[in-house]
Amino acid sequence: MNRAQKMAWLFVITISVAVLLAGGVVGILYVKLGTPKALAGLGFLGIAGFGGLGPLIFKKDKGAVTCDERDKLINRRAALAGFGAAYMVVGLVCMIPFFVLGPKANISVTWLPMIFMGAGITHFFAHSVAILVQYGRRGKGEKS
Amino acid sequence: MNKTQKVALVNLAIMPLSIAVMMYPLVEIFVFKRTPERFGLYWVVIVFCVVMVPSVILLRRKQSASEVESDERDDLIKKRAVIASFISVWILLAGVTVIPRFVIGIKGSIPVWLLAFINLGVLLGAGLVYAVAVLIQYGRRGKGEKS
């Protein structure tokens, strides 16, 4: 497992834990306390930020070749997948309220930064998953 | 002028028009404090059609039969322009999602149809940045080339 894969795993684990924990806490608090206080559970999304510590935790190998053309290609494709997934989320979040709530409905501006945050988390998650999928598929059966 | 440049020029001409049309409801709501006319909301669809038709025609039309689709240099230019466009999407998205909170206030609200315009506006902005990035790169590299 190379450095990119380790960092991708860190992102996948931290983001998954953050989203599951935040979703669970928001759900529990919503049942017990109601809407405004339940949103405090979103604070658990901060756990996803630990994924950004990957470059510090997994340091580059000294003297070794850190990445080749294949690694760059994988990273480029993963970045594209991450961007596509993130913008799909933006598109859905922007269009679904229009059809569900109706064109005359209003939403609080406090939800707008959530769109950006959701897109960012989706980007990192999809980017990491795409890296792992590409390395995983190509690693099978390689002898050299 | 090759195909990439022609498409970029068309986009550069029409994207600002699209953005201006999309700004109409925003100006109506936030500057004039009134609800925009319903017809104005459909302008963006018309503008999108206007963007697509010349783009498709230009894409299919070649300077000569021997004209290649794209070479290594064109691919590199397009790749860099895509990166610039991606970065601009994030900056624009951050801007349109964070700034209204400070402008309207934390207790303010916006109509949901504005979200659709935010989505399309960011896409148009990214397209504009892509077109500008393509033209700047061709423009700078074209100067002084003899061969």
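Trainee: How many helices and strands does the secondary structure of chain A come to?

Mentor: Helices (H or I, at least four residues) and strands (E, at least two) are DSSP runs, numbered from the N terminus. In chain A they come to five helices and one strand, in the order α-α-α-α-β-α from the N terminus on. This is a predicted model, in which local features need pLDDT of at least 70 and side-chain atom pairs count only at pLDDT 80 or more, while totals for chains, interfaces and linings use all residues. Residues are numbered from 1 along each chain as its sequence is written, and chains are lettered from A and ligands numbered from 1 in the order in which they are written.

Trainee: What does the radius of gyration say about chain A?

Mentor: The radius is taken over C-alpha atoms, and the globule rule is 2.2 Å times the number of residues to the power 0.38. Chain A has a radius of gyration of 19 Å, well over the 15 Å that the rule gives for 144 residues, so chain A is more spread out than a compact globule. Its C-alpha trace spans about 60 × 30 × 25 Å along the principal axes.

Trainee: Which residues of helix 1 of chain A are buried?

Mentor: A residue is buried if 20 or more other C-beta atoms, placed from the backbone, lie within 10 Å of its own. In helix 1 of chain A, the buried residues include A:A4, A:F11, A:I15 and A:V26. After this helix comes A:G34, with a positive phi near 100°.

Trainee: How many residues does the contact take from chain B and from chain A?

Mentor: Two residues are in contact if their C-beta atoms, placed from the backbone, lie within 7 Å. Here 19 residues come from chain B and 20 residues from chain A. On the side of chain B that touches chain A, helix 4 of chain B gives the most, with eight residues.

Trainee: How does strand 1 of chain A run relative to strand 1 of chain B, parallel or antiparallel?

Mentor: Two strands pair if DSSP finds at least two bridges between them. Three bridges join these strands, which run antiparallel; A:N106 has B:P111 as its bridge partner.

Trainee: Which residues touch the most other members of the largest nonpolar core?

Mentor: Such a core is a set of buried Ala, Val, Leu, Ile, Met, Phe, Trp, Tyr and Cys residues joined through C-beta atoms within 7 Å. Of its 45 residues, B:I118, B:Y130 and B:V134 touch the most other members. Helix 5 of chain B gives the most to this core, with 15 residues.

Terms used. Buried ≥ 20, exposed ≤ 12 C-beta atoms within 10 Å, placed from the backbone.
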